[in-house]
Amino acid sequence: NQTLKYGAERIGKRTDRHMEHWRNYGLGQFIHWGVYAIPGGHWKGKYYPGAAEWIRSWKEMPKEAYDELYKQFNPKQFNAKAWARQAKDMGAKYVIITTKHHDGFCLWPSEFTDYTIANTPYKRDIIKQLVEAYDEAGVDVYLYFSIIDWNHPGYRAKIETEEDRVAYDGFKEFTRKQLLELLELYPQTKGLWFDGTWDSAWKEQAAYVSDLDKELRAMIPGLIIGSRFRPDDFGNRHFDANGNMMGDYEQGWERKMPNTIEEVHGNDWDCVMTVPENQWGYHSDWRGHVKTSNELIEMLVKAVSLGGNFVLNFGPDGNGSIREEETTIAAEIGEWMNSNATVIYNCGHLPWEKQDWGYYTVNRKTNEKYMVIFNHPISGMYKIQTPDKIKIRKAYLLENPSGELNIEACGENKFIVHYRSSQKQTKPVVIVIKTDD
Ligand SMILES: C#C[C@@H]1N[C@@H](C)[C@@H](O)[C@H]1O
């Protein structure tokens, strides 16, 4: 192990009540919204194959044309309360909202740049409306902030000259002032979700970012910041040179998930996921595979079964409307969550052998255990292998607590629950198991 000045703040999980609350969310919503929603993945009739929020980097998109688009931004359909209601009905316990993406456009009236919502035809503070609406709906608010800022003259991907260094020093102060401003303006914020910290320019700023991290945390008690913010002494993010996680949870699972508990290294973590293959901002022409609500529910349950949170992305269009596909997904997930949230909220990893029928989750407070079934064996036999001495006493469908299922004890810690659904199952089924531990 090396002695690091700017490595991991702690070994092991944060144990305070703020982090405990975060750990028990299960399901969150990501909102990616900004000027990029106006072109929606097209320019002059041409289709942009990349992620819509990156369209400014597309060679077919003239930078000066993109940088004028904010003068058209006037989302007449925008209704923060409706978005918050939809998220609440889906079962999301928290939301992560883009304040500023890589293009540098600020959805709040920042005093440190003119490239903000205040200078659009819409004028009003989007972040304020969203923070208040979600907070009022009981959905905790987290703010996404991109360190990359293509609009700011002092931004650099790398520092190569003395001129770069001076410019980047100014950019760092600009970044710091914007972050302090966000926490000052929206103190309801429970955490910051940083992105765009992979540039070498940023990764060389361990000392500066360490001080900024402390300054931000001092502003809001319990503030939660993931592993994608600070670089260590050698420019490592997420895990320092000694392999210890930096920040309060691992923020590396973007459009991907761990498969085993070993891959999460005993840390808290979140998985952020898109409905299409790779669109965060609004793209009017989703191509490739668009995930169904069943696929997304399985990802949610898998995340919780491995001790993480699952954050599903929504990309509203340039008028401020949530698109139909996302509205349908939110409703279908919400319908399942209505009768099955018990296996998500306050639940985590049960260290029993993974079986083919699906995933276990366990309630961290009650120790109640759940089998969430995605694959029904044609045998009607659901195998359980428990750790030593743990016996299964009882099993029943969450939706029918009085109908006990037949349990066959098959020797050393192996049990078979017999269940054959009477009707065609189109959604995951939950079996509650009672043990004598
Ligand atoms: C790459 C990249 C960014 N990280 C995701 C969370 C989106 O913001 C995407 O643009």
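Author: At the start of H4, a side-chain oxygen of Asp125 comes to within 3.0 Å of the backbone nitrogen of Ile127. Helices (H or I, at least four residues) and strands (E, at least two) are DSSP runs numbered from the N terminus. This is a predicted model, in which local features need pLDDT of at least 70 and side-chain atom pairs count only at pLDDT 80 or more, while totals for chains, interfaces and linings use all residues. Residues are numbered from 1 along each chain as its sequence is written, and side-chain values use heavy atoms, with hydrogens and water left out.

Reader: Which elements do the buried residues of H4 pack against?

Author: Helix H4 spans residues 126-136, and its buried residues (under 20% relative accessible area, 1.4 Å probe, protein chains only) are Ile126, Ile127, Leu130, Val131, Ala133 and Tyr134. Contact means heavy atoms within 4.5 Å. The partners are strand E1 (27-31), helix H3 (80-90), strand E4 (94-100) and strand E5 (140-146).

Reader: Which residues have the most contacts inside the largest nonpolar core?

Author: A nonpolar core is a set of buried Ala, Val, Leu, Ile, Met, Phe, Trp, Tyr and Cys residues joined through side-chain atoms within 4.5 Å. The largest such core has 103 residues. Those with the most contacts inside it are Tyr134, Leu216 and Phe310.

Reader: Is Thr189 buried or exposed?

Author: Thr189 is found in the loop between helix H5 (162-185) and strand E6 (191-195). Leaving aside neighbours within four places in sequence, Thr189 is in contact with Val141, Leu143, Leu183, Ile220 and Leu223. The side chain of Thr189 also reaches the backbone oxygen of Tyr186 at 2.6 Å. With a relative accessible area of 1%, Thr189 is buried.

Reader: How much of the area that the ligand exposes when taken alone does the protein bury?

Author: The residues around the ligand (a heavy atom within 4 Å) include His32, His101 and Glu254. An N or O atom in the side chain of His32 is 2.7 Å from an oxygen atom of the ligand, and a polar side-chain atom of His101 lies 2.8 Å from a ligand oxygen. A polar side-chain atom of Glu254 lies 3.1 Å from a nitrogen atom of the ligand. Taken alone, the ligand exposes 290 Å² (Shrake-Rupley method, 1.4 Å probe), and the share that the protein buries is 87%.

Key
A polar contact is a pair of N or O atoms within 3.5 Å; within protein, one must be able to donate a hydrogen and the other to accept it, and residues adjacent in sequence count only if both atoms are side-chain atoms. Buried means under 20% relative accessible area, exposed over 50%, partly exposed in between (1.4 Å probe, protein chains only).
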